[in-house]
Amino acid sequence: MPAVSIEISDVRKTFGPTVALGGVSLRASGGEVHAIIGGNGSGKSTLAKVMSGVLIPDSGQVSVLGRVATTPHEAREIGIANVFQEVLVADECSVLDNLYLGADGLLGSAVSQEERRARAGALMAELLGFDLGLDTPVGDLPLSVKQWITIARAMLTDPRVLILDESSAALDFESTERLFRKMRELKRRGTAILIVTHRIAELVRIADRATVLRDGRTVGTLEKDEITEARILALIAGPGRGTAQGTQSPAAPLSSDAMLRLTEGRVWNDAAAFDFTLRPGEIVGITGLDGQGQADFVRALAGVQPLAGGRIAVVRDGMAGAVTDLRSARENGIAYVSGDRKKEGIFANLGIFENMVLPIFHAYRSGGWLNLVNRTKLVPVFEWEAAKLAIKMGAPDNPITSLSGGNQQKVLIARAFAEKPGVLVLNDPARGIDIGAKLDLYRNLRDFAARGNAVVFLSSEIEEFLNLCSSVLVFRGGAVSSSFDPPFDTHVILNAMFGRKATALLPGEALAAEEAHHFEGAEAPVRDRPLSEDGRPVARPVRIIPSRTREDILNQSGFLLIAPDIPQGAVIPERFAEANRTSPALRWQGVPAGTASFALAVTDPDLPAEFNFPRSFAHWLVHDIPGHVRELPEGASGSLAMPSGVAELNSDFVTFRIPGFGRGWGGPWPPDRQHRYVFTLYALKVPRVAVPPDADLPAFAAAILPVAIDQTSFAAVYGPARNPLPTP
């Protein structure tokens, strides 16, 4: 039987009159994924902070690995790592600096910079599915990548206890699969993993046991086969609440008249144009894999960002009002709620009351030209909206930051309702709120739509659309690719998100069962994962599979890159290597919708340590390949056979001052042993990228990755070299 790693008994913690923990008990073992579940404000994050030494309990016993952490530093020494609910990164610092924040003592680090880079680069590539420049400023990265950085920061400490507090909230389906795979690996090593999440579908798949909290107390512990939505809801809010969603029918249009209309809309310059009509009474679900344009679409509807093309109009009383910016959107009755409350939602220096009613101050002013806020009239509005969403709080004038993350999100939703809009645009609004709060939100959305209003509801959790939405639109490549009417089949919608047939096996469905049979310490087998198309460089790890033929590859669907003379995993022919200047022929198929150009990179990740080079060696960097091109002929590099407008950069032979090399193809020349060579083609949503002519691989990646729709890779091998490298 696994040893008990965490033993918590009757722990209590108060903040003034607020009881955060009123008697919590929990036991978790090594090699176990233990979920902590509860409503917003139930004490989940407080409990996580108590275990990791951030907070000291008022009473009760806490034992983690036989010790008690009274500071975060002690927790780190014990082997505890906590990934907090808020995405805590330093935007001004690099990825590498963020990954090692807090890792150094007063006398610096005992680990060399080279070792740091190697470990960090390997882990980030495994988690992200693509190489990320470690010198990239974190402020330039999307929220999902920032979330990965906080997770990787914890994993780099090799924790014996890992606490993940809503760490998958900013991740889409494919990213969550990669997180689960890493969690299973840590579990096999004996790590105790505690996960706080409101995503019930995730809990059912990953958790071995679950402890449920209500109002700061433990109300039950569920074994794996007991973890269901009905049981969890019954424990969190009572059995009557659990059936509230299932007994409801989806929203339905009240009229055929348009309430909001998008005509020939484009969210990206090179994406396909599409029309969209929203009718009174509708709740339209919007989804898609990360980076497919759905977030740009809802932000454009709300006037937060402009369209690349097309027109948005709100129709009221037979008159159409154009929406071109945030002001015109609000004037036309559109309210917007963002799921990124820290960046786009709360005013952290203001109180709860001010955060909720700030947008309607002007409607309740008094004093004539003095323009005073009439708080007497605002208080009933505040109390009504707070009650509708059951916001758990202290005094209304307390700082908004005194609330749990979920209750902060509920304040933002209540703020939108208080504006009395005709159209409500929700950008992943339920991120970080509990099941009971989601049911309150669904009920309010139904009531809102039933009064002749309409809702556009973006979410990465398809379960949120069931028994709620009148239709669901799936985005791929910057445009609507599929539309579904109720009853909804989550499997079919997920496959549409991946661009697959309705009955195809989803990534991860067979993976969990396969990995469950691994014994502790066993190596995970090499597997040919289903190809993904999620709008950004995705999890496509390099594998050497010599048995695959060109015909095998061509018979598959999806975005594929092949070299007719270099099968996957094969040895690169000598005519393409060393002193020869002949680039291999390349072909590709299954190009994602919205592709305006391509970029190509051929890299060697196996450079010898004595080279003291912190990244892969670039052998060929190409960009601005026109979007209609589907192949490069043999010997194209540096010749007239290269398509017009294509730009080639220097290989890293130039970086090392090896004579005879310049722009274009620099063939394999491994000095010591057989190396892997990774051929990667990126589909880009822009026709050209701004890359300096002397750019190296990190600069190339920094320009390419933010505009990449998808990537496809294969690997080949070569080496050791037949001839020594020329002397610089």
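**Close-up views of a predicted model**

Figure 1. Because 5 of the 5 residues of β7 (residues 192–196) are buried, the strand is largely enclosed by the rest of the structure. Strand β3 (residues 33–38) runs parallel to β7 and is joined to it by 4 bridges, with Ile 36 having Val 196 as its bridge partner. Strand β6 (residues 161–165) is likewise parallel to β7, through 5 bridges, and Val 161 stands opposite Ala 192. Strands pair if DSSP finds at least two bridges between them; helices (H or I, at least four residues) and strands (E, at least two) are DSSP runs numbered from the N terminus. The model is predicted: local features need pLDDT of at least 70 and side-chain atom pairs count only at pLDDT 80 or more, while totals for chains, interfaces and linings use all residues. Residues are numbered from 1 along each chain as its sequence is written, and side-chain values use heavy atoms, with hydrogens and water left out.

Figure 2. Ser 597 counts as buried because its relative accessibility is 0%. A polar atom of the Ser 597 side chain lies 2.6 Å from the backbone oxygen of Val 686. Leaving aside residues up to four places away in sequence, Ser 597 touches several residues, including Ile 625, Pro 626, Tyr 682, Val 686 and Arg 688; contact means heavy atoms within 4.5 Å.

**Figure 3. Aromatic pairs.** The whole structure holds 17 aromatic pairs, that is, rings of Phe, Tyr and Trp (its six-membered ring) with centres within 6.5 Å; planes under 30 degrees apart count as stacked, over 60 as edge-to-face and the rest as tilted. The ring centres of Phe 417 and Phe 448 are 5.8 Å apart and the planes are at 65°, so this pair is edge-to-face. Phe 417 belongs to helix α15 (residues 405–418) and Phe 448 to helix α16 (residues 435–450), and the pair links distant parts of the chain, 31 residues apart. Phe 417 is buried at 6% relative accessibility, and Phe 448 is buried at 3%. Phe 613 and Phe 656 also form an edge-to-face pair, 4.9 Å centre to centre with 65° between the planes.

Figure 4. Ring pairs link Phe 611, Phe 613, Phe 617, Phe 653, Phe 656, Phe 661 and Trp 669 into a cluster. Phe 613 is partly exposed at 22% relative accessibility, as is Phe 656 at 23%. Arg 581 lies over the face of Phe 661, 4.1 Å from the ring centre; a charge sits over a ring if NZ of Lys or CZ of Arg is within 6 Å of the ring centre and within 35 degrees of the ring normal.

**Figure 5. Backbone geometry in loops.** Most residues other than glycine have a negative phi, and most peptide bonds are trans. Asn 612 has a positive phi, near 55°, and is found in the loop between β24 (597–604) and β25 (617–626). The peptide bond from Pro 486 to Pro 487 is cis, with omega near 0°, and Pro 487 is placed in the loop between β21 (479–484) and α17 (490–498).

Conventions:
Buried means under 20% relative accessible area, exposed over 50%, partly exposed in between (1.4 Å probe, protein chains only). A polar contact is a pair of N or O atoms within 3.5 Å; within protein, one must be able to donate a hydrogen and the other to accept it, and residues adjacent in sequence count only if both atoms are side-chain atoms.
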